[in-house]
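Work through the exercises below with the sequence and the model at hand. Each task is followed by a stepwise solution.

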Amino acid sequence: TPLIRLEDYRPSDWLIDTVDLDISLAPQQTRVRALLGLRPNPAGQPGAPLILDGDELVLSEIKLDGATLDASAFTAGPQSLTVHAPPRRGFTLTIETVLDPSANTKLMGLYRSSKVYCTQCEADGFRRITYFLDRPDVMSVYTVRLEAAKAEAPVLLSNGNRVATGEVSGSDRHFAVWHDPHPKPAYLFALVGGALDHVREDYVTADGQQVELAVYVEPGKAGRAGWALDSLVRCMRWDERVFGRNYDLDVFNVVAVSDFNMGAMENKGLNIFNDKYVLADPQTATDGDYASIEAIIAHEYFHNWTGNRITCRDWFQLCLKEGLTVFRDQEFSADERSRPVKRIADVRTLRATQFSEDAGPLAHPVRPRAYKEINNFYTPTVYEKGAEVIRMLKVLIGADAFKRGMDLYFERCDGTAATIEEFLACFAESSGKDLSHFARWYEQAGTPTIVASGRYDARAKRYTLDLAQTTPPTPGQTTKQPVVLPVALGLVGRDGDLPLTTGSSAYADDGLIVLDRPSLSVVFSDVAEAPIPSLLRGFSAPVRLELDLSDADLLRLFSADSDSFNRWQALQSVATRALVAAGRPGTDGAVLLAKAAEIAGALDRFLREQGLADPAFAAQVLRLPAPADIAREIGGDVDPDAIYGAHRSLSGAIGQALEATLVGLRDTLAKKAAYAPDAASAGRRALRNEALGLIAIAAPEAGARLVEQQFSSADNLTDRLAALAAMTLIPGDAREHLIGRFAEIYASEPLVLDKWLMAQALIAEPGTLDRVKRLMQNKAFSLGNPNRVRALIGGFAANLTQFNRADGAGYEFVADMVIALDRTNPQVASRLLGSFKSWKMLEPVRKDLAQASLALVARTPGLSRDVADIAERALA
Ligand code: DPP
Ligand code: ZN
């Protein structure tokens, strides 16, 4: 497979101004007639042939300006259609293809999901529908006529506004015509046809336009669509208020389907969602689901401006829309909920997914320079690190200049397919700052480390802070340059933050140091007492921090820092340090227990004094860093069992010391009102359930009793699932019994059973692999549905100790699954193979076994491009 490089970008030789699609839907034989209005691109090569992309297509007819083309004038195959010598002027091409949506198991292009016709075209699925210039810088105005049997597909949707509907006379069929006035790339095309229920709401934009909002779901599930619709209304208002963006069509439709490779898709005016991110009611969705639905509804809606109105010139610019849109949805959720708690949750995700990617063989820059399969670059690096880059930009230039830069971007780039350079130019202009050095964040992979140390001169009342940065080598980038790092800080004294006075040019103001070179020292004067530095407040840069503070100092920050994020971080750091030390084989358990007592003491005080003030925050505090975080922190020669063992000891010891407090807290927090999904109520449940998990580890008998009570009395899935999860930590018959009860209660709820599958796949016991294999035979599981696969097989691959079994059986199983899935759905298979991304940090025995399984995948004949690419890069 060819490597596609950013430096080889050339504008298209041809443009397609208009696309008229006439699609006659039928389960096995869907006919697609496309009328393309083409013209030479003034920026392209004059006289070039017209080469259209295809993928597994069958051409049934082709006409140029209405006349059938001579067979010698074109070459058509499944993967492309070439018109050898097209006219050197504007012309039309009529192309007819015939598709089998029922046979489309890749879930790219047009397919059927539980009898609903739907599409997924990003990144390059449109070429599976018709031959096209399937690249984001070719933007066209679409008119789409859909026709289907009335009984099978009473609902027919496409992008834009509905302009006509009618019956097809003399048949059982009907049609709808949709017109989207906004030129768009093919990846934003969508259609839906099926029997669907919906909920709707009228909306008036800030600039007075009427919009009809609707959320479509499987028949009978309309009662679960309300939260998504409510989230949609709130995020539309927020985008008007915060970014000054109004919606721009008469309708906005969201459709939930049950077979979907991604989370959701921002097709213009017709967002298609994985039903997991739409359907919610208290009995079938957790607080986490409510929050995810709100965030993803917002994410896809926000794409209407950052992605659709302004799209990407090429797929190397993917972060232009994704990083920016993740930043926007994170800000929305922060405003709707608790800002510090949202930040903590996002940083946990960033570290777990992106830092681990950045530390392994699949590391790549936020803007990759080359790819073989673009679908493999919808990564935490492009999304989450991409969002961090935007956040840093805002911190560096300030909120006002950031706002003006965004406005300029919306104005200047509207209707275009843009680049990172064009985006950054808007902020350079609005801030008057040179951002060329900052742009290195887009080019350089790897997580930088900041090494910090401070010295206090009591006589001179001076505090000197030394900061240095390094970035480790990553594949293809052996030497690294310094990046621009905004380090938000405070100096914490006995009574809180000390005033910051310094003459350093690196000190911006408002407690911000800009570390833009390998190292620097900042001297603060008039520092009245020896301070404790609180660095990277709010996690102001996506880096690792090495700061030689004692545990006593960290515990003081935990109780006294004015920055909530760093309060949380301080306690995490104490726990991380203890677990890193204890997670190496052969370390002394007594040291860990002493540390547990110290942490428990701090937690006890915190919970008693402030646990009820902000339960959501307290829940975050109570949750220790995960074993996988510790593995990443150790970084090499990793023994997952030793780490898990240390984690369990520490949790157990803390839980024992806190048992009385936790039980009391649970009683106080026990809800009296009926379930409500708001952030405050969710926070109380989160703290209660976090406490339950600790009790289950520390005192299994008492834990099992509490689980039993909670499970039986719960009026919502959040509490039921938390009970199940806590029970999975306690081996024995009672656990198996509860697992069985859960399955009975939710027997007809596939999305709930996904959680049930995953909870079992995550059990950190040697029996889990057999359990997972058994569950594959359960009727709740299907290899054809991505959500089921991600829950059970993906869950197992995320099980640190069992995926990384010392006998290699975990690797073999996942490798076999990858090979099996690749035959039907390469995207799901390649995601799963990505579970191997951290294999190089393992101890030698596991490392060899993981490598052998990867190699087995790599040598399998007939691999998809998706899986071959991941296997190759993972092994390199
Ligand atoms: N649908 C995916 C997202 O919104 C890809 N664009 O991130
Ligand atoms: Zn997105």
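**Exercise 1. Find the size of the largest nonpolar core and the residues with the most contacts inside it.**

Step 1. A nonpolar core is a set of buried Ala, Val, Leu, Ile, Met, Phe, Trp, Tyr and Cys residues joined through C-beta atoms within 7 Å. A residue is buried if 20 or more other C-beta atoms lie within 10 Å of its own, exposed if 12 or fewer, and partly exposed in between, with C-beta atoms placed from the backbone.

Step 2. The largest such core holds 267 residues, and the most contacts inside it belong to Val-192, Val-255, Val-278, Val-487 and Leu-792.

Step 3. Helix 14 gives the largest share of this core, 10 residues. Helices (H or I, at least four residues) and strands (E, at least two) are DSSP runs, numbered from the N terminus.

Step 4. Apart from neighbours within four places in sequence, the contacts of Leu-792 are Leu-757, Met-758, Ala-761, Val-772, Leu-775, Met-776 and Phe-781. Contact means that C-beta atoms, placed from the backbone, lie within 7 Å.

The model is predicted: local features need pLDDT of at least 70 and side-chain atom pairs count only at pLDDT 80 or more, while totals for chains, interfaces and linings use all residues. Residues are numbered from 1 along each chain as its sequence is written, with chains lettered from A and ligands numbered from 1 in the order in which they are written.

**Exercise 2. Describe the side of domain 4 that touches domain 5.**

Step 1. Domain 4 spans 560-745 and domain 5 spans 749-876, with bounds from an automatic or database domain assignment. Their centres, taken over C-alpha atoms, are 27 Å apart.

Step 2. Domain 4 brings 20 residues to the contact and domain 5 brings 15.

Step 3. On the domain 4 side, two or more residues each come from helix 13 (627-634), helix 14 (640-669), helix 17 (717-727) and helix 18 (733-745). Helix 17 gives the largest share, 4 residues.

**Exercise 3. Why is helix 13 largely enclosed by the rest of the structure?**

Step 1. Helix 13 has 8 residues and 6 of them are buried, so the rest of the structure largely encloses it.

Step 2. These buried residues are Pro-627, Ala-628, Asp-629, Ile-630, Ala-631 and Arg-632.

Step 3. They pack against helix 4 (339-358), helix 10 (564-582), helix 14 and helix 22 (800-803).

Step 4. Just after helix 13, Gly-635 has a positive phi of about 85°.

How values were computed:
Two residues are in contact if their C-beta atoms, placed from the backbone, lie within 7 Å.
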